[in-house]
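Hi there,

Here is the structure I promised to pass on to you. Have a look at it first, and then read on for what I found when I went through it.

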Amino acid sequence: MSRSDAAEMILVLDFGGQYNQLIARRVRENHVYCEVYPHTLSLDRIRELAPRGIILTGGPNSVYGQGAVTAPKELFSLGIPVLGICYGAQLMAHLCGGRVETAPTSEYGKTEVDITDKASLLFDGIPTKNICWMSHTDYISVLPTRFHTTANTPVCPIAAMENPAEGLYAVQFHPEVMHTEHGTEILRNFVYHVCKCMGTWRMDSFVQKAIEELRKKIGTGRALCALSGGVDSSVAAVLLSKAIGSQLTCVFVDHGLLRKDEGDEVEAVFGTSGTYDVNFIRINARDRFYAKLKGVTEPEAKRKIIGEEFIRVFEEAAHEIGAVDFLVQGTIYPDVIESGLGKSAVIKSHHNVGGLPDHVDFKEIVEPLRLLFKDEVRAAGRELGVPDDLVDRQPFPGPGLGIRIIGEVTAEKVHIVQEADAIYREEIAKAGLQKNLGQYFAALTNMRSVGVMGDGRTYDYAIVLRAVETSDFMTAEAAQLPWEILSRVTTRIVNEVRGVNRVLYDCTGKPPATIELE
């Protein structure tokens, strides 16, 4: 999406934290367009973008450290409201004449914060005492000139500060994460009360603008859409079909790492007898992918191998089709941030972002959903008329079961996890729990343990069940599934799936874990 998509915009400057895209998502929830740029964005470019407000993100550095990422001091005198979050708050204090140093006591996790200035526009309507998410080793020890403290904790005397006359606000905590009870309201206050936004951005404007831009970019050329049948690639395919029609060919690569019967289900939707009028090609490449993954156990290596092999299959398909310039992928924002944005740490490479090989034999890779979060992709799908059963489909990673099998991938292990996952999904659906869960699946551990079945000793694998509640897939809480459901799933798996004698449940949230097992 381009700057012209909205009359008003909030600009997020990225200083390398892991929650940066969440800030953009929270702003967009308030119907205000938001883009994330690296902290190196020039002042001239910022003036050109003319944002209504600027948000400085968190980051892993110390603002006073050698080689610390920074911004020009003039950023705070552009006449544009600025909100600093965590590292961004410390940077504001540091550049505006305050002092930042190592805190006597670090704060991590949920922390009670006292609001000391109820007249602050930022904290309008926020309870005096509320729980916020802290994650800092340094702290602001001395206020800059013309700033005053607006919040504190027992060990952090300046948990928030502001200079309202100059439109400068800062919070040491992270309002963008769901663990901060009133974080959404705080960001809303900044967007509406401080920046005076009107909230005019809607998903229908994104869809129409995206279609126009795709037509302009692709012109009379031809595009190949990497279709997995998941929500993201399916919405991307329908978006492209609206934009360029018969110039689009959807290639579905069955890499042998799909859920049970999923290949046939995808073909039923997009194939010749399906709902959509698209050119559809199914390529069965199971043996090819298994051969490439033979002996590989390291998760990043698996992701990159799968990513590169996908590209090679798509290149070959493009050569057979002839004269295909563009490769279309369903990349979304969480894929981008977890694969590394700017100075951000790489959590894991997504096969369609960080897993791409250095050389790709296409004129350009087109990612029309790259700036959207999962819930926004679903909203775009509904705007495009994609049926609910497809829009609400469970997310499935591009590397598929390759990252739901710990250790080496083999045909036997794929079969085990397919069967276990099918049972798990069936029981979740029978219980009517699927719409309350952000994601749920079965994975295969690399652990084998002793068991007893039919009065005999077994030495088989352990399946791990995962279910999380999340709205953005950047943070998540483990779902507290009813014990009777877990018990029924366990009984079915150990009785019906050969090679499994133990079932575990993953109770870890994100962070510290990721949603997938690898």
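V366 counts as buried because its relative accessible area is 3%, under the 20% that sets the limit. Please keep in mind that this is a predicted model. V366 sits in strand 14, which covers residues 364-366. Leaving out residues up to four places away in sequence, V366 touches L214, K217, F326, L327, V328 and Q329. One of these contacts, Q329, is 37 residues from V366 in sequence, yet the two C-alpha atoms are 6.4 Å apart in space.

Next, the annotated stretch. The unreviewed UniProt entry carries a "binding site" annotation on S228, G229, G230, V231, D232, S233 and S234. From this set, S228 belongs to the lining of the second largest cavity. I looked at two other members in some detail:

- G229 is found in the loop that runs between strand 10 (223-226) and helix 6 (231-244). Its relative accessibility is 1%, so G229 is buried. Not counting residues up to four places away in sequence, the contacts of G229 are S234, V266, L390 and R393.
- D232 is part of helix 6. D232 is also buried, because its relative accessible area is 13%. Its contacts, apart from neighbours within four places in sequence, are G330, I332, L369, K374 and V377.

Which residues of helix 11 (residues 374-383) are buried? They are K374, E376, V377, R378, A380 and G381. The buried residues of helix 11 pack against helix 1, helix 5 (203-218), helix 6 and helix 12 (388-391). Just after helix 11 comes G385, with a positive phi of about 85°.

Nine strands make up an open sheet with mixed pairing, and their order is 2-1-3-4-9-8-7-5-6. At its edges are strand 2 (33-38) and strand 6 (129-142), each of which pairs on one side only. From one strand to the next, the twist averages 20°. Strands of a sheet pair through backbone hydrogen bonds, either parallel or antiparallel. For strand 3 (residues 53-56) and strand 4 (residues 82-85), the pairing is parallel, over three bridges. Within that pair, I54 has V82 in strand 4 as its bridge partner. Helix 1 (residues 20-29) packs on the sheet, where it touches strand 1 (9-14), strand 2, strand 3 and strand 4. The direction of helix 1 makes about 160° with that of strand 2.

A disulfide is a covalent bond between the sulfur atoms of two cysteines. How many disulfides does the count come to? It comes to zero, with a cut-off of 2.5 Å between the sulfur atoms. C225 is buried, as its relative accessibility is 0%. For C96, the closest cysteine sulfur is in C195, and the distance of 16 Å is again too far for a bond. C96 is buried as well, because its relative accessible area is 19%, just under the 20% limit.

Best wishes

Notes: Residues numbered from 1 in each chain as written. Predicted model: local features only at pLDDT ≥ 70, side-chain atom pairs only at ≥ 80, totals over all residues. Heavy atoms only, no water. Pairing = 2+ DSSP bridges. Helix = DSSP H or I, 4+ residues; strand = E, 2+ residues; numbered from the N terminus. Axes fitted to C-alpha atoms, helices over the stretch in contact; angles between N-to-C directions. Contact = heavy atoms within 4.5 Å. UniProt positions renumbered as here; feature names shortened; annotations may be inferred. 1 Å grid on protein atoms, 1.4 Å probe; cavity = no way out; pocket = protein on both sides within 12 Å on 5 of 7 lines; lining within 4 Å. Buried < 20%, exposed > 50% of the residue type's maximum accessible area, 1.4 Å probe, protein only.
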